[in-house]
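I opened the notebook to go through one chain, from single sites to the whole. The entries follow in the order I looked things up.

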Amino acid sequence: MNALNFYAGPRALAHIRSHGLRARDVAVVPAAAGGPKGLIFQSLDQWLFGEWLPAAPRERTLIGSSIGAWRLAAACHADPAAAFERLGRLYCDQRYTAKPTRDEIDLVCQRLLGDFLGDHAGEVVNHPHHRLHLLAVRGLRQLDAPRHRYAEMRGFAAATLLNLGARERLAHMLERVVIGDARDPAPWLREKFDGFTTHFAALSDANLAPALLASGTLPMLMKPVGGIAGAPPGSYWDGGIIDYNLALPYSRIGGADAGELVLYPHFGEHIVPGWLDKGLPWRRAARGPNRGWLDNVVIAAPSPAFLRTLPRGKLPDRKDFNHYGLDHDARGAAWRRAIAEGARLRDELAAFAERPELSRIRPV
């Protein structure tokens, strides 16, 4: 049984065929939203950012939303292996009452974030090689500054209906905000590529924590985040609402002939553009007019056979909070078992990087 499936765009496949999968060619590592799903990559992340990529140091862009942003912040610690272990432990240890209020959820998440970052903010934003970019969304119109939860609900109901008609219509209610490393101008992101207005703000040790909190702030369940230093004023929520699986114009990186790869450990083979697109199977990044964006992307995703070996036969997800209820120990044990099983993903990716099996690579 293969624990990982591999998918590649045509440029990425041609490059691997000629040169193999080399750390020195990896220019970008994206990380998707998905809450507890991110736990499955703990061992893989520890190897990727603690061993493989550091062996070929170069400037790399790390870009993520929600739990992906938190994972990549762990990658930017001076000791990434310890940071990923700490993030996983804290995430598994979350505790809530039977019907938590927004204040309770905010408090738990803020404490988790504080314990995760500790006094490491400076090393995260000043990593010698990694250039961290965090994605959040900023509300417009009814979502500019909703006075209460019901106003927020009405705003997101309108956003859902607009998105159902066309993804571009969601731009009427939300903007993308990239809070990122000022050392990395990211020209491939700055030239307009979709219907959303995109703002850029410089990441600093002063705004790292609120930016990470905003990137993972779930609508209705948590209060919107405001007052992010250096970012446009307003109400901020989870970056996955616009950029769930980060359908971004990666093919712009390095030009058409450059061997700059995007290595994407991802939860599945599909790139779903926004959180509101999850139930719309025709909204897949490789099926529309922008399918060329993924030409230089390599996706490594858990196989269906691997998923069947996990607790409840799936990746950890937010539904587990309801399934286990107040039995926090059972939920934590299931998530820790999934983390342990994820070591097989690490081992397969390491073996594939050492000797790629081209027959295992499917088209994106």
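**Entry 1: Gln94**

I started at Gln94, which sits in the loop between α4 (80-92) and α5 (102-117). The model is a predicted one: local features need pLDDT of at least 70, side-chain atom pairs count only at pLDDT 80 or more, and totals for chains, interfaces and linings use all residues. Residues are numbered from 1 along each chain as its sequence is written, and side-chain values use heavy atoms, with hydrogens and water left out.

Is Gln94 buried or exposed? Gln94 counts as buried because its relative accessibility is 7%. I used these classes throughout: buried is under 20% relative accessible area, exposed is over 50%, and partly exposed is in between (1.4 Å probe, protein chains only). Next I listed contacts, meaning heavy atoms within 4.5 Å. Setting aside residues up to four places away in sequence, Gln94 touches Val108, Leu112, Phe321, His328, Arg331 and Trp335.

**Entry 2: Gly325**

His328 took me to α12 (328-341), and I looked at the loop between α11 (319-324) and that helix, where Gly325 lies. Gly325 has a relative accessible area of 30%, so it is partly exposed.

**Entry 3: positive phi**

Ser66 has phi near 55°. Ser66 is placed in the loop between β3 (60-65) and α3. With 3% relative accessibility, Ser66 is buried.

Arg312 is not a glycine either, and its phi is positive at about 65°. I found Arg312 in the loop between α10 (304-307) and α11. Arg312 is partly exposed, its relative accessible area being 43%.

How many of the residues of helix α3 are buried? I get 9 of the 9 in residues 67-75, so the helix is largely enclosed by the rest of the structure. Among the buried residues of α3 are Trp70, Arg71 and Leu72.

Ala78 lies in the loop between α3 and α4. Ala78 counts as exposed because its relative accessibility is 67%. From Ala78 to Asn245 I read 27 Å, C-alpha to C-alpha, across 167 residues of sequence.

**Entry 4: His130**

His130 belongs to strand β4 (residues 130-139). At 4% relative accessibility, His130 is buried. I left aside neighbours within four places in sequence and found His130 in contact with Phe49, Arg60, Leu62, Ala75, Cys76, Asp181 and Arg183. Ala75 in that list is one of the buried residues of α3.

**Entry 5: Met220**

Met220 is in the loop between α9 (208-215) and β7 (236-238). Its relative accessibility is 22%, so Met220 counts as partly exposed. Not counting residues up to four places away in sequence, Met220 touches Arg102, Arg149, Glu152, Met153 and Phe156. I took the C-alpha spacing for Phe156: it is 8.9 Å from Met220, and the two are 64 residues apart in sequence.

**Entry 6: the record**

Over residues 62-243 the chain is 40% helix and 16% strand. The end C-alpha atoms of that stretch are 14 Å apart.

**Entry 7: whole chain**

The chain has 13 helices and 10 strands. Its C-alpha atoms fill a box of roughly 55 × 45 × 40 Å along the principal axes. Of the 364 residues, 57% are buried. I took contacts between residues at least 6 apart in sequence, and 79% of them join residues at least 24 apart.

For charge, I counted 46 positive and 38 negative side chains, with the centres of the two sets 6 Å apart. Lys and Arg are the positive ones, Asp and Glu the negative ones, while His and the chain ends are not counted. Each charge is placed at NZ of Lys, CZ of Arg, CG of Asp or CD of Glu.

Technical notes: Helices (H or I, at least four residues) and strands (E, at least two) are DSSP runs, numbered from the N terminus.
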